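Keep the viewer open and follow along.

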Amino acid sequence: SKSWTMVKHFEGAPKLEDFKLIEKELPPLKEGELLLESVFLSVDPYMRPYSKTSLKDGDVMMGSQVARVVESKNPAYQVGSYYVSYSGWTTHFISDGKGLRALPTDWPENLPRSLALGTVGMPGLTAYIGLLEICKAKQGDVVLVNCAAGAVGSVVGQIAKLKGCKVVGSTGSDAKVTYLKEIGFDEAFNYKTVSSLEEALKNASPEGYDCYFENVGGVFSDVALQQMKQFGRIAVCGAISMYNDSVPQTGPYVQPYFVFKQLRMEGFLILSWEDKPQYQEGQKQLLQWIVEGKLNFHEHITNGFENMPAGFIGMLSGDNIGKAVIKV
Ligand code: NDP
């Protein structure tokens with residue numbers, strides 16, 4: 001089995017030399033165990049902040065994969081079946097079945113199984129729950145989302161459109177702006193090239209925003225919060241602009257807007273929704289929308305397990321449209 005380890009804690013943006021490939025032989029299976037082979041692995045922004053709190057130097061990087069059972073001494077798991085597992089950046093691993101999530105049984109043959117890491121997996125459900133349960137977006141609302149062309153943001157915008165909202169997206173390149181228009185965003189802009197973020201937000205929706213799906217944090221957040229309408233709702237999903245900071249950013253301070261505009265802001269972690277009925281409902285719904293052609297999915301595939309660190313670094317710096325995935 002090959003695995004990628006984090007040599008030492010990242011300083012600033014992760015670099016290729018922060019990762020090391022190790023190889024080890026796995027022991028023979030015991031009764032009740034199964035051997036799985038990773039087919040697709042996920043690279044996600046959370047790996048950057050979580051590495052700080054949950055990894056030691058030299059540990060295998062954390063993360064999830066779609067894996068195929070290649071050997072089984074557990075009658076509940078058939079060779080050839082596929083599961084989503086949270087087993088880290090590794091090609092092969094032994095499991096007793098605990099924590100494995102089967103792909104939905106009605107998974108259409110023509111859909112790539114990698115979608116279980118993206119639009120029909122953790123990021124898609126983050127979009128679904130964050131927009132509908134936390135932001136409580138409803139018909140007629142104006143929704144703002146940043147990281148809009150990414151795994152979560154592109155699904156947020158499309159669900160908002162399906163629910164009858166007006167959607168504004170911020171993203172980091174002109175090609176991504178074009179993509180957002182193609183998948184139905186009403187307005188989209190490149191935050192790297194606009195002369196003023198405040199102007200861009202005002203032009204896109206002069207009347208302001210009812211819902212803000214926050215993925216970026218920092219300065220973007222300070223400006224966006226000032227554009228909220230009365231009783232606006234903010235789902236704090238992520239803060240990717242701050243993940244590489246070693247010193248926390250400070251001010252300007254926007255608390256007065258919360259009072260004047262009577263805003264509601266709520267952070268959430270999709271992990272804590274996994275066993276709630278909304279998660280299963282959401283997964284069914286996302287799959288159905290894809291099958292019906294109502295939900296576009298785009299993946300940014302990096303080929304080869306050996307290129308996993310490069311795929312991770314590329315995703316953090318914005319190479320991806322849609323979900324960034326590694327294909328072994
Ligand atoms: P994406 O697919 O959106 O990939 C990350 C994107 O972040 C890049 O493509 C890049 O796009 C953008 N980015 C990188 N640096 C910056 C920066 N300094 N300022 C603005 N944008 C930047 O990732 P995900 O969709 O998987 O995740 C999006 C957000 O959702 C993250 O903040 C993540 O932590 C959060 N998240 C939270 C979860 C939860 O449970 N709360 C679960 C899953 C994700 P661009 O070209 O636009 O800059």
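## Around β5

V84 stands opposite R101 in β7. A quick word on terms: helices (H or I, at least four residues) and strands (E, at least two) are DSSP runs, numbered from the N terminus, and two strands pair if DSSP finds at least two bridges between them.

β5 (residues 82-85) also pairs with strand β4 (residues 65-72), again in the antiparallel sense, over four bridges. Look for R68, whose bridge partner in β5 is Y82.

## What kind of model this is

This is a predicted model, where local features need pLDDT of at least 70, side-chain atom pairs count only at pLDDT 80 or more, and totals for chains, interfaces and linings use all residues. Residues are numbered from 1 along each chain as its sequence is written.

## The overall picture

The protein has nine helices and 15 strands. Its radius of gyration is 20 Å, close to the 20 Å that the globule rule gives for 328 residues, so the protein is as compact as a globular protein of that length. (The radius is taken over C-alpha atoms, and the rule is 2.2 Å times the number of residues to the power 0.38.) Along the principal axes, the C-alpha atoms fill a box of roughly 65 × 45 × 35 Å.

Of the 328 residues, 42% are buried. Here a residue is buried if 20 or more other C-beta atoms lie within 10 Å of its own, exposed if 12 or fewer, and partly exposed in between, with C-beta atoms placed from the backbone. Among contacts with a separation of 6 or more, 65% link residues 24 or more positions apart; a contact means that the C-beta atoms of two residues, placed from the backbone, lie within 7 Å.

## Two domains

The chain splits into domain 1 (2-118 + 298-327) and domain 2 (122-271), with bounds that come from an automatic or database domain assignment. Their C-alpha centres lie 29 Å apart. Where they touch, domain 1 puts in 14 residues and domain 2 puts in 15 residues.

On the domain 1 side, α1 (47-54) and β15 (323-327) each supply at least two residues. By class, that side has five nonpolar, six polar and three charged residues. The classes work like this: Ala, Val, Leu, Ile, Met, Phe, Trp, Tyr, Cys and Pro count as nonpolar, Asp, Glu, Lys and Arg as charged, and the others, Gly among them, as polar.

## The six-stranded sheet

Now find the open sheet of six strands with parallel pairing, in the order β10-β9-β8-β11-β12-β13. Its edge strands are β10 (187-190) and β13 (264-267), each pairing on one side only. From one strand to the next, the twist averages 15 degrees.

At the β10 end, four bridges join β10 to strand β9 (residues 166-171), and S170 has F189 as its bridge partner in β10. Helix α4 (residues 174-182) lies across β9 and β10, running at about 170 degrees to β10. Axes are lines fitted to C-alpha atoms, for helices over the stretch in contact, and angles run from 0 to 180 degrees between N-to-C directions.

## A mostly covered helix

Which residues of α3 are buried? They are G153, S154, V155, V156, G157, Q158, I159 and A160, making eight of the ten residues in this helix (residues 153-162). Their cover includes α2 (122-134), β8 (142-146), β9, α4 and β11 (209-214). Just after α3, G164 takes a positive phi of about 85 degrees.

## Residues worth a click

C147 sits in the loop between β8 and α3 and is buried, with 27 other C-beta atoms within 10 Å. F231 lies in strand β12 (residues 228-236) and is exposed, with 10 other C-beta atoms within 10 Å.

V7 is in the loop between β1 (2-6) and β2 (19-23), and it counts as partly exposed because it has 14 C-beta neighbours inside 10 Å. Leaving out residues up to four places away in sequence, V7 touches D18, F19, K20, D57 and G58. V7 and V60 are 53 residues apart in sequence and 9.0 Å apart in space, C-alpha to C-alpha.
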